[in-house]
Amino acid sequence: MLALRARVISEAMETPIHQPHDLATRWTSQTVGMSFDILDRMERAVAKVRERLLRAATALNQIGVPYAVVGGNAVASWVATIDEGAVRNTRDVDLLVRRADLPAITAAMEQAGFVADELLDVIMFRDGPEGKPSEAVHLLFSGEKTRPDHLMAAPEIQTVNDSANFRVITLESLLAMKLMSNRDKDRTHVRDLIGVGLIDSSWPAKLPMELAARLKQILDTPDA
């Protein structure tokens, strides 16, 4: 036993100790190279979503139908009023509209180069014939449940104007929609609103009981 212990100690003493620069070298050696245009591709992806949003908003502004930008772009618009560096990117565009306006909306969107489509009961407008459904303009309808399991119907169209000349849903309605959806990304969006101070501990009192409970849980677990 003593001989074994002596051998273990001897081997430990002979093992080289890595200095900080050695650790950095080992870490760097595990990275992979990216092509030089990767940043350009990232910027183009963000710009394309913004262009679709503005083109869709312009088309609806021109015909005068009520609409509201909702979803991730609405969160980004609200967050940007406080801290543009905290804005999170999104890949699609969500619009809240009235179902009665769908024929006029379809004509305007098609005139703007979009292609009407429907997938899994979601009415959308793809950006051209080759446009991806995941990157399309998706419609939600005020006064209707977006999903059967939602507690309430989507709100009425109440908006504020974004400086880029599109109409974004009010903060109160946006929060309620995010809490109703309650997916991981929706809770992340709510944390973004909390993180810049737009939502705080006074807000649960403004909400229906179950939505208030969901918001309180998010407020209580800011790093979840």
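This is a predicted model: local features need pLDDT of at least 70, side-chain atom pairs count only at pLDDT 80 or more; totals for chains, interfaces and linings use all residues.
Biologist: Which residues in α4 are buried?
Modeller: The buried ones are G71, G72, N73, A74, V75, A76, S77, W78 and V79.
Biologist: And how does α4 pack with α6?
Modeller: Helix α4, residues 71–80, packs with helix α6, residues 171–181, at an angle of about 135°. Their axes are 11 Å apart. The two helices are therefore oblique to each other, and their crossing is left-handed.
Biologist: Which residues meet there?
Modeller: From α4 you have G71, G72, A74, V75 and W78, and from α6 they meet L171, L174 and K178. Sorted by class, that contact has five nonpolar residues, two polar ones and one charged one.
Biologist: Nice. What does α6 do with α8?
Modeller: The axes of α6 and α8 come within 10 Å and cross at roughly 85°. That angle makes α6 roughly perpendicular to α8.
Biologist: Who's in that contact?
Modeller: L175, A176, L179 and M180 are the α6 residues, and they meet L211, R214, L215 and I218 in α8. By class, the contact of α6 with α8 has seven nonpolar residues, no polar ones and one charged one.
Biologist: Staying with α8, at what angle does it pack with α7?
Modeller: Helix α7 (residues 184–195) and helix α8 (residues 209–220) pack at about 65°, and their axes are 10 Å apart. With that angle, α7 is roughly perpendicular to α8. The crossing of α7 with α8 is right-handed.
Biologist: And which side chains or backbones are we talking about, residue by residue?
Modeller: On α7 the contact is made by R187, V190, R191 and I194, and on α8 by L215, I218 and L219. By class, the contact of α7 with α8 has five nonpolar, no polar and two charged residues. L215 and I218 also turn up among the α8 residues that meet α6.
Biologist: Let's switch to α5. Which of its residues are buried?
Modeller: Helix α5 spans residues 102–111, and its buried residues are L102, I105, T106, A108 and M109.
Biologist: What happens just after α5?
Modeller: G113 takes a positive phi there, about 100°.
Biologist: Which residues other than glycine have a positive phi?
Modeller: I can point to L120 with phi near 55° and N182 with phi near 60°. For context, most residues other than glycine have a negative phi.
Biologist: Where do L120 and N182 sit?
Modeller: L120 lies in the loop between β3 (115–119) and β4 (122–126). N182 is in the loop between α6 and α7.
Biologist: Is L120 buried or exposed?
Modeller: L120 counts as exposed, because its relative accessibility is 79%.
Biologist: And what about N182, how accessible is that one?
Modeller: N182 has a relative accessible area of 25%, so it counts as partly exposed.
Biologist: I also had my eye on A86. Where is it?
Modeller: A86 is in the loop between α4 and β2, which covers 93–97. With a relative accessible area of 29%, A86 is partly exposed.
Biologist: What does A86 touch, leaving out residues up to four places away in sequence?
Modeller: Under that rule A86 touches V79 and V196. V79 is one of the buried residues of α4. The C-alpha atoms of A86 and D192 are separated by 7.5 Å, although these residues are 106 apart along the chain.
Biologist: Zooming out, how many helices and strands are there?
Modeller: The protein has eight helices and seven strands.
Biologist: What share of the residues is buried, and what about the surface?
Modeller: Of the protein's 224 residues, 37% count as buried. The accessible surface comes to about 13,800 Å², and 56% of that belongs to carbon and sulfur atoms.
Biologist: Last one: how many of the contacts join residues at least 24 apart?
Modeller: Taking contacts between residues at least 6 apart in sequence, 63% join residues at least 24 apart.

Conventions. Residues are numbered from 1 along each chain as its sequence is written. Side-chain values use heavy atoms; hydrogens and water are left out. Axes are lines fitted to C-alpha atoms, for helices over the stretch in contact, and angles run from 0 to 180 degrees between N-to-C directions. Helices (H or I, at least four residues) and strands (E, at least two) are DSSP runs, numbered from the N terminus. Angles under 35 degrees count as roughly parallel, over 145 as roughly antiparallel, 65 to 115 as roughly perpendicular and the rest as oblique. A crossing is left-handed if the near helix is turned anticlockwise from the far one by less than a right angle, and right-handed if clockwise. Contact means heavy atoms within 4.5 Å. Ala, Val, Leu, Ile, Met, Phe, Trp, Tyr, Cys and Pro count as nonpolar, Asp, Glu, Lys and Arg as charged, and the others, Gly among them, as polar. Buried means under 20% relative accessible area, exposed over 50%, partly exposed in between (1.4 Å probe, protein chains only). Accessible areas come from the Shrake-Rupley method with a 1.4 Å probe; for residues, only the protein chains shown count as cover.
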